[in-house]
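Look at the sequence and the 3D view, then read on.

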Amino acid sequence: MSFAYDAKLEVLREEIASDCCAISFLSALIKCSGQLGIGANKEINVELYTELTEVYDIVNKIISQYYGAECRMEETEESTKTKNVRYKIILPSFITTQLLKDLGIMDVNEEGYMEVSNGIADFVIADDCCKRSYIRGAFVGCSTSNIKIKEYSNIEKNTSGYHLEFLFAFEKLAQDFIDLLSHFDIKAKMTVRKKNPIVYIKEYQVICDTLALVGANKSVMNLQNEAAIRELRNSINRQTNCMNANLSKTVGAAVKQLNAIKVIQDNVGLETLSDDLMELCLIRLANPDESLEVLRKLYSKEISKSGINHRLNKIIEIAEKIQKDKLQMRYF
């Protein structure tokens, strides 16, 4: 299953603390994953769509406890995105008008007609516990994530990034939800995709805070472990890249030095050099792949790496002068 799927299951396992929290949770759930329609008897039909059968257990418990009615659940089609089976939860139509009023989803307007509220009713999120419960309902109802938790081998690499988003039907609802998250110091942003407002969070730590807020503590730990593994792999990759870059630089410098020594040897002979430079040429010829540190240790006199590098640069300068002089002689 996906990371988001497992996190939602965690949220659903947590008991709803009080009556007001049950109202908040159900209000968010219907707002985020419900559909309203008008039946043949002009009754309002309410249907919830989910991939989690556990949602039915909670919704039916709330409806049974507070309204003395039973919901129905039907299996629908597979989700085209996740390939998981989707379920439709049908609320009893004879309670829906009162239910939607109680949940702050519908209200009577100035003309006396029922209309849908596009935002979050204040009384539904009056207390902090209700605010948290509303966020839990929205998380179960309309959150998605691209986060992937992998079983790592030596070659696997996770590049999915960190992204959590909530899909809403109304911009007012999305903005109210952003304000609700900010009450808990969780910063989220909004965009529009295919005319639907999306509230999204991309920062790893903010996603962890959101998961902790809704009660998905195991998912928080899984995400923290994933982040730690990614950071370790990135650190190893950075070190490896740095080592490879240094190795390439060392090899390139050694090739240039060997070419310079060959120019001197073929044209004027190494014996024309000073004793110090000739000794270094011979050491480099015998150790073509070694670093400056190794050459320093093989040198007969006490010398620093910068001293070795200075002498090698001097050898290159001599070779370049020899080649320059040869080129000038061709034209005279």
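Strand 8 and strand 10 run antiparallel, joined by 4 bridges. Within this pairing, F166 stands opposite V199 of strand 10. The model is a predicted one.

These strands belong to an open sheet of 4 strands in the order 7-8-10-9, with antiparallel pairing. In general, the strands of a sheet pair through backbone hydrogen bonds. Strand 7 and strand 9 are the edge strands, and each pairs on one side only. From one strand to the next, the twist averages 30 degrees.

| Strand | Residues |
|---|---|
| Strand 7 | residues 143–145 |
| Strand 8 | residues 164–167 |
| Strand 9 | residues 189–193 |
| Strand 10 | residues 196–201 |

Helix 5, residues 128–142, lies across strand 7 and strand 8. Helix 5 runs at about 90 degrees to strand 8.

Now turn to a pair of helices. Helix 7 spans residues 204–214, and helix 8 spans residues 217–267. How do the axes of helix 7 and helix 8 cross? They come within 8 Å and cross at roughly 160 degrees. An angle over 145 degrees counts as roughly antiparallel, so helix 7 and helix 8 are roughly antiparallel to each other. Their crossing is left-handed.

Which residues make the contact of helix 7 with helix 8? Helix 7 brings Y204, I207, C208, L211 and A212. They meet N217, S219, V220, L223, Q224 and A227 in helix 8. The residues of this contact divide into 8 nonpolar and 3 polar, with no charged ones.

Terms used. Residues numbered from 1 in each chain as written. Predicted model: local features only at pLDDT ≥ 70, side-chain atom pairs only at ≥ 80, totals over all residues. Heavy atoms only, no water. Axes fitted to C-alpha atoms, helices over the stretch in contact; angles between N-to-C directions. Helix = DSSP H or I, 4+ residues; strand = E, 2+ residues; numbered from the N terminus. Parallel < 35°, antiparallel > 145°, perpendicular 65-115°, else oblique. Left-handed = near helix turned anticlockwise from the far one by under 90°. Contact = heavy atoms within 4.5 Å. Nonpolar A, V, L, I, M, F, W, Y, C, P; charged D, E, K, R; others polar. Pairing = 2+ DSSP bridges.
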